[in-house]
Amino acid sequence: DVAVYTDALQRYGLPSYVVRGRGFYQCREVSDVLHLLRYIEHRTDEVALASVLRSPFAGVSDETLFRLVWGKGEMQRLHKVFLRETLDLPDAIKPDDQRRLKTFHQIAFRLARVKDRLSIPELIEQAIESTGYITALAGLPQGEQRVFNLKKLIELSRDYEREGAPALKNFINYLTELSEREPTEAESVT
């Protein structure tokens, strides 16, 4: 019932954070970054792509996802739409979502090209800056907490690289393993 208490405290403008509960690695913002990194590393990972498209990184609707898959009259693989250098979007997708998809597509293409030349923290920071992700997080409930969690994740990636296993795929596996464990890591303190 932790959510009942945190929601009530939030309604009254009282900051709070959960020391134990769903935990840091299960937070939406950590999951969003993990899915983005997965998609950048494995451009055919459709679950990661769909998750990123629905996240504040791209922010498109479920209807748009449906239209991407079924928009040309037959089912098509979602990742194949995004592997092309230019997007061929169905006309039924609303103009705002078309703009979001095209912007995300350009950013994802660029990040995939530079992923091996950047450190993991730099890659995360570039993704955040180029998509306006922090601004989107700040506007969500518990926005300040989410922003601090994101900063904690970037610091975690710096520590991970200092430990000597800087490959992106290794960090993705590390984060995945931590997110699947029992929640023990507290969210960041604001």
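Helix H2 (residues 28–41) packs against helix H9 (residues 143–162) at an angle of about 45°, and their axes lie 9 Å apart. This is a predicted model. The crossing of the two helices, H2 and H9, is right-handed.

Which residues of H2 and H9 meet? On the H2 side they are Arg28, Glu29, Val30 and Val33. On the H9 side they are Arg146, Asn149, Leu150 and Leu153. Sorted by class, the contact of H2 with H9 holds 4 nonpolar, 1 polar and 3 charged residues.

Cysteine 27 sits in the loop between helix H1 (2–11) and H2. Is cysteine 27 buried or exposed? Its relative accessibility is 0%, so cysteine 27 counts as buried; the cut-off for buried is under 20%.

Glutamine 142 lies in the loop between helix H8 (133–138) and H9. Its phi is near 60°, a positive value in a residue other than glycine. How does glutamine 142 stand towards the surface, and what class does it get? Its relative accessibility is 25%, so glutamine 142 counts as partly exposed. That class runs between the 20% limit for buried and the 50% limit for exposed.

Isoleucine 120 is found in helix H7 (residues 120–131). Its relative accessible area is 2%, so isoleucine 120 is buried. The C-alpha atoms of isoleucine 120 and isoleucine 154 are 34 residues apart along the chain and separated by 8.3 Å. What does isoleucine 120 touch, leaving aside its neighbours within four places in sequence? Its contacts are Ser157, Tyr160, Glu161, Pro166, Ala167, Leu168 and Phe171.

Helix H3 (residues 46–54) and helix H4 (residues 62–70) have axes that come within 10 Å and cross at roughly 140°. H3 and H4 are therefore oblique to each other; roughly antiparallel would need an angle over 145 degrees. The crossing of H3 and H4 is right-handed. H3 brings Ala50, Leu53 and Arg54 to the contact, and H4 brings Asp62, Leu65 and Leu68. The residues of this contact of H3 with H4 divide into 4 nonpolar, no polar and 2 charged.

Finally, the chain as a whole. It has 10 helices and 0 strands. Along the sequence the pattern reads α-α-α-α-α-α-α-α-α-α. Of its 190 residues, 43% count as buried. Among contacts with a separation of 6 or more, 65% join residues 24 or more positions apart. The chain exposes about 10500 Å², and carbon and sulfur atoms supply 50% of that area.

Key
Residues numbered from 1 in each chain as written. Predicted model: local features only at pLDDT ≥ 70, side-chain atom pairs only at ≥ 80, totals over all residues. Heavy atoms only, no water. Helix = DSSP H or I, 4+ residues; strand = E, 2+ residues; numbered from the N terminus. Buried < 20%, exposed > 50% of the residue type's maximum accessible area, 1.4 Å probe, protein only. Contact = heavy atoms within 4.5 Å. Areas by Shrake-Rupley, 256 points an atom, 1.4 Å probe, with all protein chains shown as cover. Axes fitted to C-alpha atoms, helices over the stretch in contact; angles between N-to-C directions. Left-handed = near helix turned anticlockwise from the far one by under 90°. Nonpolar A, V, L, I, M, F, W, Y, C, P; charged D, E, K, R; others polar. Parallel < 35°, antiparallel > 145°, perpendicular 65-115°, else oblique.
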